[in-house]
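I opened this notebook to record what I looked up in one structure.

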Amino acid sequence: TTPTLVLIPGDGIGQEVVPEAARVLQAVMPALHLVEAEAGWGAFQRHGVSVPPATLDAIRQAGAALFGAVQSPARKVAGYRSAILTMRQALDLYANVRPVHSLPLPNARPHVNLLIVRENTEGLYVGEETSDGETVTAQRRITRRASARIGRVAAHLARQRLTIVHKANILPVSDGLFRDTVRAVVAETRPDLAVDELLVDVAAYHLARTPERFDTLVAPNLYGDILSDLAAVWCGGLGLAPSINLGDGVAVAEPVHGSAPDIAGKGIANPIAAILSGALLCRYVWRNESAASAIEQAVATALQRGAATPDLGGTLSTREMTDAVLAALGA
Ligand code: NAI
Ligand code: MG
């Protein structure tokens, strides 16, 4: 069957970087079939819903989407729900995976090559807050089921070592369940893997100080959210950091950055984060490792040759930056 990708540019610079990433994907996978779909604030204004049902159907059918970015309204808008949260829930995208690789940039830190696997469906993100006016209680749900399935993803993706991040000294029951469940799954599925654990605060310290020491980290939702933004620093900036949301038989890749209203419409957004997100689709969805590494290698070569958008101190446009990657691909 022909691999199909749903392109969801979304808002702001998502409109500029997603088509460029699509050009790179088509260069390494000429048979790739592309379809387009809407989501985000613009979609909400047109359809009254941030993710139209047709978009969800298209993603389910294709099994793969590349999502640009969405803009969130600054004030609360009746009926609006975050597009990315809607997709995560509707498609049960339970694992958020963010690789962090050193790139050949003048001020980059070398030898970083780590992966953060974040549980994407529960924890504090169940969003259940209750208040009596004086005291507010937020639910933080940890289940054996969700901990087991994120543990399986982490065990599968880790190379030699998996670090379980938790705060079981303060939350022994909930984070204890997370930790023990992940440990049990790893022992069962990857007995070759070295497993260690870190308290989340200690993990933050080490990620800031010695990111080279990590292989793969697995964490409950909130810890993973915070640590993955911290670790994105080592990608060399927001314009370079890719991610992918994985479910069973469905995946949505997305650059870590947002809609960047300060530069949107100028044609100067860095497309690399979106391009590298495309490489993650090749690796994790289409199991095309040679296409994934060809893209990653071409990005490294282009950067090494000095190709740079303004966020990296250069003068290339979004399109010219992509052209530099395509040239390095030999396309
Ligand atoms: P942002 O990531 O959009 O921008 C932060 C800064 O980084 C800006 O100065 C921007 O110009 C720069 N930047 C980001 N991506 C870049 C790229 N590819 N090339 C060059 N420069 C880049 O975060 P911000 O400003 O906090 O949020 C803007 C909007 O995006 C908000 O509405 C926010 O809710 C939304 N957002 C959406 C996300 C998503 O779709 N997953 C993630 C983060 C924010
Ligand atoms: Mg975040």
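**Conventions.** I noted that residues are numbered from 1 along each chain as its sequence is written, and that chains are lettered from A and ligands numbered from 1 in the order in which they are written. The model is predicted, with local features needing pLDDT of at least 70 and side-chain atom pairs counting only at pLDDT 80 or more, while totals for chains, interfaces and linings use all residues.

**Domains.** I looked up the division of the protein and found domain 1 (1–96 + 237–331) and domain 2 (109–235); such bounds come from an automatic or database domain assignment. The C-alpha centres of the two domains lie 25 Å apart. I then checked the contacts (C-beta atoms, placed from the backbone, within 7 Å): 12 residues of domain 1 meet 12 residues of domain 2. On the domain 1 side, β4 (95–101) and β11 (242–246) each supply at least two residues. That side has eight nonpolar, three polar and one charged residues. Here Ala, Val, Leu, Ile, Met, Phe, Trp, Tyr, Cys and Pro count as nonpolar, Asp, Glu, Lys and Arg as charged, and the others, Gly among them, as polar.

**Strand β1.** Helices (H or I, at least four residues) and strands (E, at least two) are DSSP runs, numbered from the N terminus. I found six of the seven residues of β1 (residues 4–10) buried, so the strand is largely enclosed by the rest of the structure. A residue is buried if 20 or more other C-beta atoms lie within 10 Å of its own, exposed if 12 or fewer, and partly exposed in between, with C-beta atoms placed from the backbone. Pairing requires at least two DSSP bridges between strands. β1 runs parallel to β2 (residues 33–36) with four bridges, and leucine 5 stands opposite leucine 34. Four bridges also join β1 to the parallel β3 (residues 64–69), where valine 6 faces alanine 65.

**Isoleucine 164.** I located isoleucine 164 in strand β8 (residues 161–166). It counts as buried because it has 25 C-beta neighbours inside 10 Å. Leucine 217 is 53 residues away from isoleucine 164 in sequence, yet their C-alpha atoms are 5.9 Å apart. Leaving aside residues up to four places away in sequence, isoleucine 164 touches Arg179, Val182, Arg183, Val195, Glu197 and Val218.

Terms used. Two residues are in contact if their C-beta atoms, placed from the backbone, lie within 7 Å.
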